[in-house]
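Subject: Structure handover, with notes on cavities and pockets

Hello,

Please find the structure below.

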Amino acid sequence: MRKTIAVLALSLLAAHVMAAVSPEEAAKLGTTLTPVGAEKAGNADGSIPAWTGGIPKNAGAVDSKGFLADPFANEKPLFVITAATVDKYKDKLSDGQVAMFKRYPETYKIPVYPSHRTVNLPADIYESIKRSALNVKAINDGNGLENFTGNRYYAFPIPKNGVEVLWNHITRYHGGNLRRIITQATPQTNGSYTPIRFEEEVAVPQAIPDIDAAKAANVLSFFKQSVTAPARLAGNVLLVHETLDQVKEPRLAWIYNAGQRRVRRAPQVSYDGPGTASDGLRTTDNFDMFSGAPDRYDWKLVGKKEMYIPYNSYKLDSPSLKYDDIIKAGHINQDLTRYELHRVWEVVGTVKPSERHIYAKRHMYIDEDSWQVALVDHYDGRGQLWRVAEGHAQFYYDHQVPAYTVETLYDIIAGRYIALGMKNEEKSSFVFGFAAKAADYTPAALRAEGVR
């Protein structure tokens, strides 16, 4: 009898962990919590201000190419962390950031500016977040979502465990259908590099009018990536159907190879498969700081803490910059970066004993206001710190969308890095809300996308 009671108690506990929150908890959204689930109050000394609604859609000018003016252009750093002073601030830095100071003591720095809680989202997204809080449940050991319908954003705004925090990053709002032209660099140790240029689209089922609802039921988004430069890579096109439950239905991916003029399934575009044209410097699931299925890791929620993270990176996105201004030996030009003190969720992912991945552990820090991953420290199978990721974020206030300006991933052992997402020299900034058709995201459409 005692054993039966114990089993029942454990079952009830497991059900609670995976269940949606109560109406009383959900009522905190927009009151003591922001509409996305962050703490509305500032911190004790005021260095993190209270959230008062974010910045308005007209916070700055928008140029003819869609680039945003920096609302904080007149601000100066409060202080700059250097290798000489890093020990004073290490309680608010990740181990990876501290390691960057040791690896590049003469050049790496962190300029810390006043904190601004700029993020706010459209009203209909806030409504979908409330619906998620009341209805969404994690299934398949946290690797899938149930009752995640309609405008599917922010599955767990009041998370109870580590995988729920990660799901908020995976299911965050990207502005609906998004089109962008970006450049990637993988510099040698001396700073020399060849730009890799991508044209990318992300489309969501709820914004594709002619989508077959049944076929899209387990699809979170459609992703298409065309390589347009350099010439040796131009014409290759990648198509991904990003599934919600990748244990039940693995991510579907296809590649059109311009040299072979053939479309092939691409099962390697997942987990620790090599990222596109990355020179071995990132995995597929390093894209977007973390993307894909969470099922190979156990995700431990450590809690919340205050950290200096890249934020409001408008200077780094300026169209007056050239890529040569940004890409330097060892790391990007830190004089162009901006860090602020913000609260983050701390989550540690450890590879399950039954699984494999080149990263044995991922130590993540996720911004509470946007649910974007801000920092990740990656460890190899020996427990050695290997790669350090920083997501330089900005808020696209004209469209109310948080996104990355540049994602950097530093290999502190090899002394090389990858920088993804630069668009300073491109003909336009992000294009939000473009019209998408279901036929554009089929394997049959890939060949037409190639340029040779």
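**Cavities**

The largest cavity has a volume of about 100 Å³. The model is a predicted one: local features need pLDDT of at least 70, side-chain atom pairs count only at pLDDT 80 or more, and totals for chains, interfaces and linings use all residues. Residues are numbered from 1 along each chain as its sequence is written, and side-chain values use heavy atoms, with hydrogens and water left out.

On the terms: a cavity is a set of points, on a 1 Å grid over the protein atoms alone, where a 1.4 Å probe fits but cannot get out; a pocket is an open set with protein on both sides within 12 Å along at least five of seven lines; lining residues have an atom within 4 Å of a point. Grid points are joined across faces, edges and corners, and a volume is the space filled by probe spheres set on the points.

The largest cavity is lined by 17 residues, and Tyr311, Asp367, Ser370, Gln372 and Ala393 are the closest to its centre. Two or more lining residues come from each of β11 (297–310), β14 (373–379), β15 (385–396) and β16 (401–411). Strands here are DSSP runs (E, at least two residues), as are helices (H or I, at least four), numbered from the N terminus. β15 supplies the largest share of this lining, four residues. By class, the lining has 10 nonpolar, six polar and one charged residues; Ala, Val, Leu, Ile, Met, Phe, Trp, Tyr, Cys and Pro count as nonpolar, Asp, Glu, Lys and Arg as charged, and the others, Gly among them, as polar.

The structure holds six cavities of 30 Å³ or more.

**The strands at the cavities**

Why call β16 largely enclosed by the rest of the structure? 11 of its 11 residues are buried, that is, under 20% relative accessible area. β16 pairs with β15 in the antiparallel sense over 10 bridges (two strands pair if DSSP finds at least two bridges between them). Aspartate 411 in β16 is the bridge partner of arginine 387. Four residues lie between the strands of this hairpin, and glutamine 400 takes a positive phi near 60°.

β16 also pairs with β17, antiparallel, over five bridges. Tyrosine 410 stands opposite tyrosine 417 in β17. This hairpin has four residues between its strands, and glycine 415 in the turn has a positive phi of about 75°.

**Largest pocket**

The largest pocket holds about 960 Å³ of space. It is lined by 48 residues, with Phe223, Val240, Arg251, Phe287 and Ser291 nearest its centre. β16 supplies at least two residues here as well, as do β5 (178–185), β6 (196–203), β7 (219–229), β8 (237–243) and β9 (252–257). By class, the lining has 23 nonpolar, 15 polar and 10 charged residues.

**Confidence**

The chain averages a pLDDT (the predictor's confidence in each residue, from 0 to 100) of 94, and 95% of the residues score at least 70. Confidence is lowest in helix α1 (residues 2–17), at a mean of 40, and highest in strand β2 (residues 110–112), at 99. Over residues 1–17 the pLDDT is below 50. Beyond near neighbours in sequence, that stretch has three contacts in the model (heavy atoms within 4.5 Å).

Regards

Methods. Buried means under 20% relative accessible area, exposed over 50%, partly exposed in between (1.4 Å probe, protein chains only).
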